[in-house]
Amino acid sequence: MNVRIDFTYRTPKGLETLFQSDEMNADKAIKMAEDLERTGRVKNLSFIDSQDSTWSVKELKEFLKGIETEPHNIKVYFDGGYELESRRSGLGCVIYYDQSGKSFRLRKNASVDELQSNNEAEYAALHLALKELENLGVHHLPIRIVGDSQVVINQLNGEWACFEEELTRWADRIDQKLNRLGLQPEYELLSRKKNQEADKLATQALNGVEISSTIEL
């Protein structure tokens with residue numbers, strides 16, 4: 001979970017001004033906030049999350065303590081590939097998360113036959129990732145979703161309209177799954193080169209190589 005620190009700074013002579021930090025990990029933000037408060041010149045300090053919700057220091061600490069033993073700090077990479085000749089699709093996803101003070105990486109792929117395009121395969125790969133989050137018990141958290149599909153990322157974040165019926169159905173399924181799990185997605189578009197892990201998994205699925213693994217980093 002990433003947040004910004006919002007506070008009022010007061011000089012010894014009584015001058016005041018407002019400050020807001022860059023976005024940072026919540027654990028780091030708490031340490032920074034505690035250091036700022038030790039100066040005795042900070043007041044009205046709060047944290048702002050990606051949904052523009054406001055947290056006090058106490059509230060944020062309690063939240064982090066509550067999720068420590070559950071998967072959190074979720075980052076999802078997804079990719080889908082489609083073979084026109086065979087009409088087969090390969091789906092791949094990589095999920096990074098923290099739990100009980102440790103960091104993990106989950107990799108999963110799948111091969112499917114019923115899809116009609118590469119864009120459908122991309123959507124299906126993301127849906128596969130969300131099913132893995134559900135299996136992990138992830139719920140009511142902000143998550144970062146990263147992919148190299150401009151269509152999927154821009155349609156889900158509302159930048160592009162979705163006119164194709166098949167893709168609309170997939171977008172609805174994604175939204176429904178996110179809502180049911182109480183997840184707040186932040187979408188990020190990156191280059192194919194930087195999405196190599198998920199791309200490799202999708203290719204392996206097309207080649208008949210099944211991957212399902214979780215390791216501690």
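Here is a walk through a predicted model, from its sheet to its cavity. Local features need pLDDT of at least 70 and side-chain atom pairs count only at pLDDT 80 or more, while totals for chains, interfaces and linings use all residues. Residues are numbered from 1 along each chain as its sequence is written, and side-chain values use heavy atoms, leaving out hydrogens and water.

Let's start with the open sheet, whose 6 strands run in the order β10-β9-β6-β7-β8-β11 with mixed pairing. Strands are DSSP runs of E with at least two residues, helices are runs of H or I with at least four, and both are numbered from the N terminus; two strands pair if DSSP finds at least two bridges between them. β10 (184-189) and β11 (212-216) each have a single partner strand, so one side of each lacks a neighbour in the sheet. From one strand to the next, the twist averages 15°.

Now look at β6 (72-83). Along 10 bridges, β6 pairs with β7 (residues 88-99) in the antiparallel sense, and Val 76 stands opposite Ile 95 in β7. Helix α6 (residues 196-206) lies across β6, β7 and β8 (102-112), at about 140° to β7. Contact here means heavy atoms within 4.5 Å; axes are lines fitted to C-alpha atoms, for helices over the stretch in contact, and angles run from 0 to 180 degrees between N-to-C directions.

β6 also turns up at the largest cavity: β6 and α1 (26-37) each supply at least two of the lining residues. That lining consists of Met 1, Asn 25, Ala 26, Asp 27, Leu 64, His 72 and Asn 73.

Note on methods: On a 1 Å grid over the protein atoms alone, a cavity is a set of points where a 1.4 Å probe fits but cannot get out, and a pocket is an open set with protein on both sides within 12 Å along at least five of seven lines; lining residues have an atom within 4 Å of a point.
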